[in-house]
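Subject: Structure handover, with notes on helix packing and loops

Dear colleague,

I am passing on the structure below for you to look at. My notes follow it, arranged by topic.

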Amino acid sequence: MTEQMSKRVSYFLFLTMAVSSFVSFEPAPYDLLMILFIALGFLFSLYKITEQIVFPIVIACIFLVSNLVSLFFVREMSGSILFTGITFYLALTWVALVTLGQKLKQFNLQLVFNGYLISACIAAILGSLAYFQMMPASDEMLMFGRAKAFFKDPNVFGPFLVATALFAICMTEIHKKIFFSKVLYYITFFILIMGIILSFSRAAWGNLAISLTIYLFILKKEMIRKRIKTFLLLFFIGVPVFSYFIQTPMVEDLFEHRLGYQGYDDNRFDTQKVVFTTGLSNPLGVGGGQSDNVVQKSPHNLYARVFTENGIFGV
């Protein structure tokens, strides 16, 4: 790939990622741009399969084959075909990005991720402003009183912000960044954390806690001093600020409610048990998207869903 082509591809992906938080309707702008990118990638041979990614691609192919096999046992074909088609689209997206990443330089990859960061930051700001009723049509960006911005569900909005929060804090540790850039990344990090909190998604909270802990404590020897500075800054500034934030009247009640055991948790766990039992009696799966039809409820568990819908080979 030539340098000019690499820049064009990077800017196109930057734009694609920059609109990735606007998904209140389907197909979203991100989907249209990504489908175009995948097609152009094959047309211009942009992808490169190296030895390191052969095994993951083989595993992905086995998973996709299990999706096709499970279609023979479907109860409601039209919905399952749509679900399976989306699964193939997501798998192709992953393959395209991973194989393209073998050709792009680090600078270009950072440019692409900055597009994701900008999109996430916009979503976090809009969601936060909507939560505090500080913008027109705020209720359109809320669900059950929880921030969702232009997503359909707060449980999607919250996790969407986690990876970019880690990226923002990572960029503050790159020694070439000037002071202003570091401050900007820190501000962005705190904006994203606020968005994650206001999503009131327990999955997002847990994702952030585990991911940030792993990030802070798994490091190279030459990064120890920088990581200590990051840890101290987050501890002495971030903890007090967000402790105060979650105790404000507009946040505290819902935060405490979401942090506790929910009345529907028992039903959710019972649903997952039924879904796993169904998977044991259908070793080749019941078809993509069919677990909701089997128990009339979403299992809210990816492993339970995959095991039931795609069988043992899907897992």
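In what follows, two residues are in contact when heavy atoms of theirs lie within 4.5 Å. Please keep in mind throughout that this is a predicted model.

I begin with helix α3, which runs over residues 51-70 and has 20 residues. From its first C-alpha to its last it reaches 30 Å, which is close to the 28 Å expected at 1.5 Å a residue. Its buried residues are I53, I57, A60, L64, S66, N67 and S70, and among the elements that cover them are α4 (77-101) and α13 (302-314).

Helix α4 also holds T93, which is buried, with a relative accessible area of 7%, a value that falls under the 20% cut-off for that class. Once its neighbours within four places in sequence are left aside, T93 is in contact with Y30, M34 and I38.

Two helix pairs deserve a description of their own. Two packed helices are described by the angle between their axes and the distance between the axes.

On the α6 side the contact is made by P154, F157, G158, L161, V162, T164, A165, A168, I169 and M171, while α7 contributes Y185, Y186, F189, L192, I193, G195, I196 and S199. Sorted by class, this contact of α6 with α7 has 14 nonpolar and 4 polar residues, with no charged residues.

The other pair is α1 (residues 3-18) with α5 (residues 106-131), whose axes come within 7 Å and cross at roughly 15°. That angle makes α1 roughly parallel to α5, and the crossing of these two helices is right-handed. Here S6, S10, Y11, L13, F14, M17 and A18 of α1 meet N108, L111, V112, N114, G115, Y116, I118 and S119 of α5. The residues of the contact of α1 with α5 divide into 9 nonpolar and 6 polar, and none is charged.

Some details of the backbone in the loops may also be of use to you. A cis peptide bond, with omega at about -5°, joins E26 and P27, and P27 is found in the loop between α1 and α2 (29-43). In the loop between α2 and α3 lies S45, whose phi is near 55°, a positive value in a residue other than glycine; S45 is exposed, with a relative accessible area of 53%. A137, in the loop between α5 and β1 (142-143), has a positive phi of about 55° although it is not a glycine, and at 53% relative accessibility A137 counts as exposed.

Finally, a note on A209, which is found in helix α8 (residues 202-217) and counts as partly exposed at 42% relative accessibility. How far apart are A209 and S78, in sequence and in space? They are separated by 131 residues in sequence and by 39 Å in space, taken from C-alpha to C-alpha.

Conventions:
Residues are numbered from 1 along each chain as its sequence is written. This is a predicted model: local features need pLDDT of at least 70, side-chain atom pairs count only at pLDDT 80 or more; totals for chains, interfaces and linings use all residues. Side-chain values use heavy atoms; hydrogens and water are left out. Helices (H or I, at least four residues) and strands (E, at least two) are DSSP runs, numbered from the N terminus. The expected span of a helix is 1.5 Å times one less than its number of residues. Buried means under 20% relative accessible area, exposed over 50%, partly exposed in between (1.4 Å probe, protein chains only). Ala, Val, Leu, Ile, Met, Phe, Trp, Tyr, Cys and Pro count as nonpolar, Asp, Glu, Lys and Arg as charged, and the others, Gly among them, as polar. Axes are lines fitted to C-alpha atoms, for helices over the stretch in contact, and angles run from 0 to 180 degrees between N-to-C directions. Angles under 35 degrees count as roughly parallel, over 145 as roughly antiparallel, 65 to 115 as roughly perpendicular and the rest as oblique. A crossing is left-handed if the near helix is turned anticlockwise from the far one by less than a right angle, and right-handed if clockwise.
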